[in-house]
Amino acid sequence: KERLAEAQAENRALDDRITDLEAAGEYPIFRQTLDNGVTLIYELGQLDVGYNPLVERRASRLYVRYADGERRQVGGERGLSSISVSPDGTRLLYNQGFTWEGAGTLWVYDFESREKRQLSLDGLRDMYTPAFADWLDDRYILFVEQFASGTTVMGGDLCVCDTETDALLRLTNTATD
């Protein structure tokens with residue numbers, strides 16, 4: 001019991017130190033605790049500027065830490081963006097790999113089952129990528145489908161993806177060659 005108490009005190013001290021470093025902007029981690037008790041931990045990556053006027057800070061790794069102490073890496077090694085929790089708080093959406101001149105893939109992580117899956121996005125055009133995704137409601141995701149590479153990529157078409165069936169519905173059709 002004494003050793004456990006010492007380890008818990010050490011963990012609290014380390015958590016306090018991380019919080020201090022985060023507040024000072026000296027530690028590249030951001031934590032967000034959700035209403036369901038899960039903590040999202042982002043290791044921040046580089047700014048992805050390129051020639052894109054929209055400068056966006058992207059996570060390089062994303063972890064989920066549960067109240068029971070389990071910590072799982074749900075995404076990483078390639079830029080992560082469009083990270084958002086479903087309105088009902090049960091699932092996490094993220095776009096992995098979408099960077100300047102890089103195609104992305106949309107993933108959904110279920111907090112209860114502790115499993116992730118890539119959305120197949122059946123109907124996504126060849127050489128196009130999902131970009132700037134977010135939850136429309138607890139079941140559907142709204143995202144921009146845009147050309148995956150080129151010196152200047154602007155605009156795109158709005159699409160809705162059903163997370164239960166992976167069906168894709170293109171709401172606009174403005175893409176040109």
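**Cysteines, rings and a patch**

Mentor: Let's begin with Cys159, which is buried, at a relative accessible area of 0%. Keep in mind that this is a predicted model.

Trainee: Okay, how many disulfides does the structure hold?

Mentor: Two cysteine sulfur atoms have to lie within 2.5 Å to count as a disulfide. For Cys159, the nearest cysteine sulfur belongs to Cys161 and is 9.2 Å away, so Cys159 is in no disulfide. Seen from Cys161, that distance is too far for a bond. The number of disulfides in the structure is 0.

Trainee: And is Cys161 buried or exposed?

Mentor: The cut-off for buried is under 20% relative accessible area. Cys161 has a value of 0%, so the word for Cys161 is buried.

Trainee: On to the rings. Is the pair of Tyr94 and Trp107 stacked or edge-to-face?

Mentor: The structure holds 2 aromatic pairs, and Tyr94 with Trp107 is one of them. Their centres are 6.5 Å apart, with 5 degrees between the planes. Planes under 30 degrees apart count as stacked, and over 60 as edge-to-face. So this pair is stacked.

Trainee: Which strands does that pair link?

Mentor: Tyr94 and Trp107 are 13 residues apart, so to speak in distant parts of the chain. Tyr94 is buried at 0%, and Trp107 is buried at 18%. Tyr94 sits in residues 91-96 and Trp107 in residues 105-110, which are strands S5 and S6.

Trainee: What about Tyr109 and Phe111: what kind of pair do they form?

Mentor: Both Tyr109 and Phe111 are buried. Their ring centres lie 5.9 Å apart and their planes meet at 75 degrees. Planes over 60 degrees apart have their own name, so this pair is edge-to-face.

Trainee: Which ring does the charged end of Arg114 sit over?

Mentor: To count, the CZ of Arg must be within 6 Å of the ring centre, and there's an angle limit too. Arg125 gives one example, lying over the face of Tyr128 at 4.6 Å from the ring centre. For Arg114, the distance is 3.5 Å, and the ring belongs to Tyr66.

Trainee: Last one: is Leu169 buried or exposed?

Mentor: Leu169 lies in strand S11, residues 168-170. With Leu158 and Leu171, Leu169 forms a nonpolar patch on the surface, with about 270 Å² of accessible area together. Exposed means over 50%, and Leu169 is at 52% relative accessibility, so Leu169 counts as exposed.

Technical notes. Residues are numbered from 1 along each chain as its sequence is written. This is a predicted model: local features need pLDDT of at least 70, side-chain atom pairs count only at pLDDT 80 or more; totals for chains, interfaces and linings use all residues. Side-chain values use heavy atoms; hydrogens and water are left out. Rings of Phe, Tyr and Trp (its six-membered ring) pair if their centres lie within 6.5 Å; planes under 30 degrees apart count as stacked, over 60 as edge-to-face and the rest as tilted. Helices (H or I, at least four residues) and strands (E, at least two) are DSSP runs, numbered from the N terminus. Buried means under 20% relative accessible area, exposed over 50%, partly exposed in between (1.4 Å probe, protein chains only). A charge sits over a ring if NZ of Lys or CZ of Arg is within 6 Å of the ring centre and within 35 degrees of the ring normal. Patches are made of residues with over 30% relative accessible area and no salt bridge: like charges are joined within 9 Å, nonpolar side chains (Val, Leu, Ile, Met, Phe, Trp, Tyr) within 5 Å. Accessible areas come from the Shrake-Rupley method with a 1.4 Å probe; for residues, only the protein chains shown count as cover. A salt bridge is a side-chain nitrogen of Lys or Arg within 4 Å of a carboxyl oxygen of Asp or Glu.
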